[in-house]
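Subject: Structure handover

Hello,

Here is the structure I said I would pass on. My notes on it follow below.

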Amino acid sequence: MIDVLGKITDYRKKKGWSEYQLAEESGLTQSTISSWYRRDMLPTIHSLEKICIAFGISLSQFFASDTDNFSLTDVQKELLDEASRLTEQQHKSLIAFLRTL
């Protein structure tokens, strides 16, 4: 079984972010994030999706185990890296644009 809160902490530390910075980047409140840890609760899928967007990863990447052979091309990595810097509205605009292609 995956340790969701542990993985969030690992990703957050790799970015060098505090819980506050994660809240800012994900659009969630800091109290929401800290309550997961205080109450040993799991985030909703919607919240976890926002967390993953902030980290620049997909939900499938988040849930992939270390033994999964998961790799991205350099272009995919660049796209995810750039997308992680966008606001929520910019994400929506980008997705709408990509669907028109």
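A surface patch is made of residues with over 30% relative accessible area and no salt bridge; like charges are joined within 9 Å, and nonpolar side chains (Val, Leu, Ile, Met, Phe, Trp, Tyr) within 5 Å. A salt bridge, in turn, is a side-chain nitrogen of Lys or Arg within 4 Å of a carboxyl oxygen of Asp or Glu. Accessible areas come from the Shrake-Rupley method with a 1.4 Å probe, and for residues only the protein chains shown count as cover.

By that rule, Leu 94, Phe 97, Leu 98 and Leu 101 make a nonpolar surface patch of about 420 Å². Leu 101 is found in the segment after α7. Helices here are DSSP runs (H or I, at least four residues), as are strands (E, at least two), and they are numbered from the N terminus. Leu 101 counts as exposed because its relative accessibility is 71%; the classes are buried for under 20% relative accessible area, exposed for over 50%, and partly exposed in between (1.4 Å probe, protein chains only).

Before the rest, two remarks on the source. This is a predicted model, in which local features need pLDDT of at least 70 and side-chain atom pairs count only at pLDDT 80 or more, while totals for chains, interfaces and linings use all residues. Residues are numbered from 1 along each chain as its sequence is written, and side-chain values use heavy atoms, with hydrogens and water left out.

Pockets

A pocket is found on a 1 Å grid over the protein atoms alone: it is an open set of points where a 1.4 Å probe fits, with protein on both sides within 12 Å along at least five of seven lines, and its lining residues have an atom within 4 Å of a point. Grid points are joined across faces, edges and corners, and the volume is the space filled by probe spheres set on the points.

The largest pocket holds about 490 Å³ of space. It is lined by 20 residues, and those closest to its centre are Ile 53, Leu 79, Leu 80, Ala 83 and His 91. At least two lining residues come from each of α4 (45–55), α5 (59–63), α6 (74–83) and α7 (88–100). Helix α6 gives the most, with five residues. The lining of the largest pocket has twelve nonpolar, six polar and two charged residues. For these classes, Ala, Val, Leu, Ile, Met, Phe, Trp, Tyr, Cys and Pro count as nonpolar, Asp, Glu, Lys and Arg as charged, and the others, Gly among them, as polar.

The second largest pocket has a volume of about 340 Å³. Its lining consists of 16 residues, with Ser 26, Lys 50, Ile 53, Glu 88 and His 91 closest to the centre. Helices α2 (19–26), α4 and α7 each supply at least two of the lining residues, and α4 gives the most, with five. Here the lining divides into four nonpolar, six polar and six charged residues.

Salt bridges

Side chains of opposite charge can pair when their charged atoms come close. By the rule given above, the count is two salt bridges.

Glu 82 pairs with Arg 85, and their closest N and O atoms are 3.3 Å apart. Glu 82 is partly exposed at 44% relative accessible area, whereas Arg 85 is exposed at 54%.

The other salt bridge joins Lys 92 and Glu 88, at 3.8 Å from N to O. Lys 92 and Glu 88 are four residues apart in helix α7, so about one helical turn separates them. Glu 88 is partly exposed, with 49% relative accessible area.

Single residues

Asp 40 has a phi near 50°, a positive value in a residue other than glycine. Asp 40 sits in the loop between α3 (30–38) and α4 and is exposed, with a relative accessible area of 66%.

Leu 48 lies in helix α4 and counts as buried, at 2% relative accessibility. Leu 48 is ten residues from Ser 58 in sequence, and their C-alpha atoms are 9.9 Å apart.

Ser 65 is in the loop between α5 and α6 and is partly exposed, at 35% relative accessibility. Ser 65 and Gln 89 are 24 residues apart along the chain, with 31 Å between their C-alpha atoms.

Regards
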